[in-house]
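User: I've got this model open and want to know what the labels on it rest on. Can you walk me through them?

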Amino acid sequence: NIWLSQGTTNLLDKSALDINLIKELGIIERETYEFEESRVKPRLVLGRPGLGTIRDCLAMGIPFLPIWDKMDPELNSNVNHLVNLGLFPNNLLVEMNLKDKIKSFLEQQQILETWKNIWPSMSEDVEDICLSILSNF
């Protein structure tokens, strides 16, 4: 299944979605902070490219496909960082319908593998952080 995450700001631009597409692709509205309590993880998350949503997807190794109106400089910057990290292909920055964009994204095996495996190289071990904090006392 595919999750649609609005993020905590609830500012997702849903203009690209229609009810038929939602039904056809099995899209359900769930937030990424619900990953831990979910018995079934999505194969893809669509949503507003805020840092919380991106971080949650990275930590769980679940690919994220941003949907945004390209008017917010912060969200544009976040997507540019995804491109630079090899997590979002340049060719999907052009306007195309959402169904084709999802299909194309899910065909990008290298990008999907990167989503699954990049978190350990981007994050710090909790034990190391705690030891670092405690060493300052």
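Analyst: Strands here are DSSP runs of E with at least two residues, helices are runs of H or I with at least four, and both are numbered from the N terminus. Strand 1 and strand 3 share four bridges in the parallel sense, so they count as a pair under the cut-off of at least two. One ground rule: this is a predicted model, where local features need pLDDT of at least 70 and side-chain atom pairs count only at pLDDT 80 or more, while totals for chains, interfaces and linings use all residues. Residues are numbered from 1 along each chain as its sequence is written, and side-chain values use heavy atoms, with hydrogens and water left out.

User: Why are strand 2 and strand 4 called edge strands?

Analyst: Strand 2 (27–29) and strand 4 (64–66) each pair on one side only. The open sheet has four strands in the order 2-1-3-4, with parallel pairing.

User: How do you know that both faces of strand 1 are covered?

Analyst: Buried means under 20% relative accessible area, exposed over 50%, and partly exposed in between (1.4 Å probe, protein chains only). Ile2 and Leu4 on one side, and Trp3 and Ser5 on the other, are all buried.

User: Why is Phe137 called exposed?

Analyst: Its relative accessible area is 80%, so Phe137 clears the cut-off of over 50%. Phe137 sits in the segment after helix 7 (126–135).

User: What does helix 2 pack against?

Analyst: The buried residues of helix 2 (residues 51–60) are Thr53, Ile54, Asp56, Cys57 and Leu58. They pack against strand 1, strand 3 (44–47), strand 4, helix 3 (73–84), helix 5 (109–117) and helix 6 (119–122), where contact means heavy atoms within 4.5 Å.
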